[in-house]
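Me: I have a new model open. Show me how to read it, feature by feature.

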Amino acid sequence: MIEGILVFLFAMLIGSFLNVVIYRIPKGESIMFPASHCGSCNTPLKWWHNIPILSWIFLGGKCGFCGSKISVRYPIVELLTGLIGVVIYIKLGFAWYIPFVFFSFASLFALSIIDIDYMAVPDSVNVAALLFALIQPDFLHAIMNATIAAGGLFLLGFVSSKISNREAMGSADIIVAGTMGALLGFPLFFIALFLSAILALIPTLIWRENGVPFVPFLALATLIVYFFDTNAQLIVNKIIYG
Ligand SMILES: [Zn+2]
């Protein structure tokens, strides 16, 4: 129990860092310098303004200096990153590679939020997710699974773009597929792809006009299948075969 709480707190600190990544990387800014500052008045934050969730609550969702509103998204990203950490801890316990699995999912999470904001994702965070996913006990197996998943999706995209005569698959999707392949292996990779399509179905029908970012669904499906592994397979079989 106490370990789970520590994991949650540590993961929320990473969530705090993800907020910086999500805000700055798409703008081409450094994630190290300058230190965190208010987006409105630019005053550098004190350490007690940087405590995940608590600072936002105690400051009433406002900057402590100029009083301008701070988006509720910051504490939500921290909370969800904390929960991602706990889910992975329940799954793996303190396996030596748990930080890397967590950093991979955390990168996918940041990628998802950026995709929602911009309908595009930065290669740097995408490649980081892939590299973290490769660090695990059977490193060669992970590389092979990543290559097959990414290569398979690339071929699928290549063939379908030849047939339909338009760009079907972006390079970003191919890198995400590699990460999914490394984290899940086979056949779970296919289960996650299928699950992501199911998850995206209703949002796609609702927001058809504007287009729907797909990385969030890939990331969520990957986390679900990672956690439930063969049980997820049983559920998807049930959906397909009844
Ligand atoms: Zn301010």
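Reply: Start with the domains. Domain bounds come from an automatic or database domain assignment. This is a predicted model. The assignment gives domain 1 (1-94) and domain 2 (97-242).

Me: How far apart do the C-alpha centres of domain 1 and domain 2 lie?

Reply: The separation of those two centres is 25 Å.

Me: How many residues of domain 1 are in contact with domain 2?

Reply: Contact here means C-beta atoms within 7 Å. By that cut-off, 18 residues of domain 1 meet 17 residues of domain 2. On the domain 1 side, H1 and helix H3 (73-92) each supply at least two residues. H3 gives the most, with 10 residues.

Me: What classes of residue make up the side of domain 1 that touches domain 2?

Reply: Count by class. That side has 15 nonpolar, two polar and one charged residues.

Me: H3 deserves a look. What span does H3 reach from its first C-alpha to its last?

Reply: Compare span with expectation at 1.5 Å a residue. H3 has 20 residues and reaches 28 Å, close to the 28 Å expected. Gly93 follows H3, and its phi is positive, near 65°.

Me: Which residues of H3 are buried?

Reply: Buried means 20 or more other C-beta atoms within 10 Å of a residue's own. In H3 that holds for Tyr74, Pro75, Val77, Glu78, Thr81, Gly82, Ile84, Gly85, Ile88 and Tyr89. Their cover includes H1, helix H2 (54-58), H4 and helix H9 (215-241).

Me: Now try a helix in the other domain range. Which residues of H5 are buried?

Reply: H5 covers residues 123-134 and reaches 17 Å, close to the 16 Å expected. Its buried residues are Val125, Asn126, Ala128, Ala129, Leu130, Phe132 and Ala133. Among what covers them are helix H1 (2-24), helix H4 (98-118), helix H6 (139-164) and helix H7 (171-184).

Me: And the core? Which residues touch the most other members?

Reply: The general idea first. In soluble globular proteins, nonpolar side chains tend to be buried together. Here the largest nonpolar core has 58 residues, and Phe105, Phe109, Ala110, Leu111, Met180, Ala192 and Val225 touch the most other members. The elements giving two or more residues to this core are H1, H3, H4, H5, H6, H7, helix H8 (188-206) and H9.

Me: Where does this core lie relative to domain 1 and domain 2?

Reply: Between them, because both domains give residues to this core.

Me: Take Met180. What is Met180 in contact with, leaving aside neighbours within four places in sequence?

Reply: Met180 is in contact with Ala149, Phe189, Ala192, Leu218 and Thr222.

Technical notes. Residues numbered from 1 in each chain as written. Predicted model: local features only at pLDDT ≥ 70, side-chain atom pairs only at ≥ 80, totals over all residues. Helix = DSSP H or I, 4+ residues; strand = E, 2+ residues; numbered from the N terminus. Expected span 1.5 Å × (residues − 1). Buried ≥ 20, exposed ≤ 12 C-beta atoms within 10 Å, placed from the backbone. Contact = placed C-beta atoms within 7 Å. Nonpolar A, V, L, I, M, F, W, Y, C, P; charged D, E, K, R; others polar. Core = buried A, V, L, I, M, F, W, Y, C linked by C-beta atoms within 7 Å.
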